[in-house]
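Thanks for coming. I will take a few minutes on one structure, starting with its strands and then its cores.

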Amino acid sequence: MRKVLSSSLYVRKSWKNGQGTQEIMVWPPGTEDFDWRMSIADLKESGAFSHFPDYHRILVLIEGDAIGLDQSGNHTELPLLTPLAFDGGINTYAHVAAPGRDFNLMMRKGKVSGRITIGIG
């Protein structure tokens, strides 16, 4: 079954680092102690990611130019529509040169697994 979710239903949430996100869906609903969460964030400026040590993350840039990610001493360029999976507990800093948006899937370690596949064409 497919369900289309209207952006008017997304819940605006503050991040641990003071920025914010639009929560698309979370399980279980209405909790900060979630098993998984999908969200979209506006990327307006460079900054550190919030730490989520109990979660795996998959990040996909869905609008804008590539961003640079520094993660525990390693630098990665994240181009548009290229999923990047990483541990939510590692130190991550995003270098944002121009405004953009990202999609984020967070999954509790040992409980939930997932993947993001991009199909174009």
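What follows is a short walk through a sheet and the nonpolar cores.

This is a predicted model, in which local features need pLDDT of at least 70 and side-chain atom pairs count only at pLDDT 80 or more, while totals for chains, interfaces and linings use all residues. Residues are numbered from 1 along each chain as its sequence is written, and side-chain values use heavy atoms, with hydrogens and water left out.

Strands here are DSSP runs of E, at least two residues, numbered from the N terminus; two of them pair if DSSP finds at least two bridges between them. The open sheet has four strands in the order β4-β9-β6-β7, paired antiparallel. β4 (47-48) and β7 are at the edges with a single partner strand each, so one side of each has no neighbour in the sheet.

Elsewhere, β6 (residues 67-71) and β7 (residues 74-78) pair antiparallel over five bridges. Gln71 is opposite Asn74 in β7. Two residues lie between the strands of that hairpin, and Ser72 there has a positive phi near 45°.

Now the cores, meaning sets of buried (under 20% relative accessible area, 1.4 Å probe, protein chains only) Ala, Val, Leu, Ile, Met, Phe, Trp, Tyr and Cys residues joined through side-chain atoms within 4.5 Å. The largest has 11 residues, among them Phe49, Ile67, Ala94 and Val96. β5 (55-63), β6 and β8 (84-87) each supply at least two of its residues. A second, separate core of six residues includes Ile24, Ile40, Leu105 and Met107.

Note on methods:
Buried < 20%, exposed > 50% of the residue type's maximum accessible area, 1.4 Å probe, protein only.
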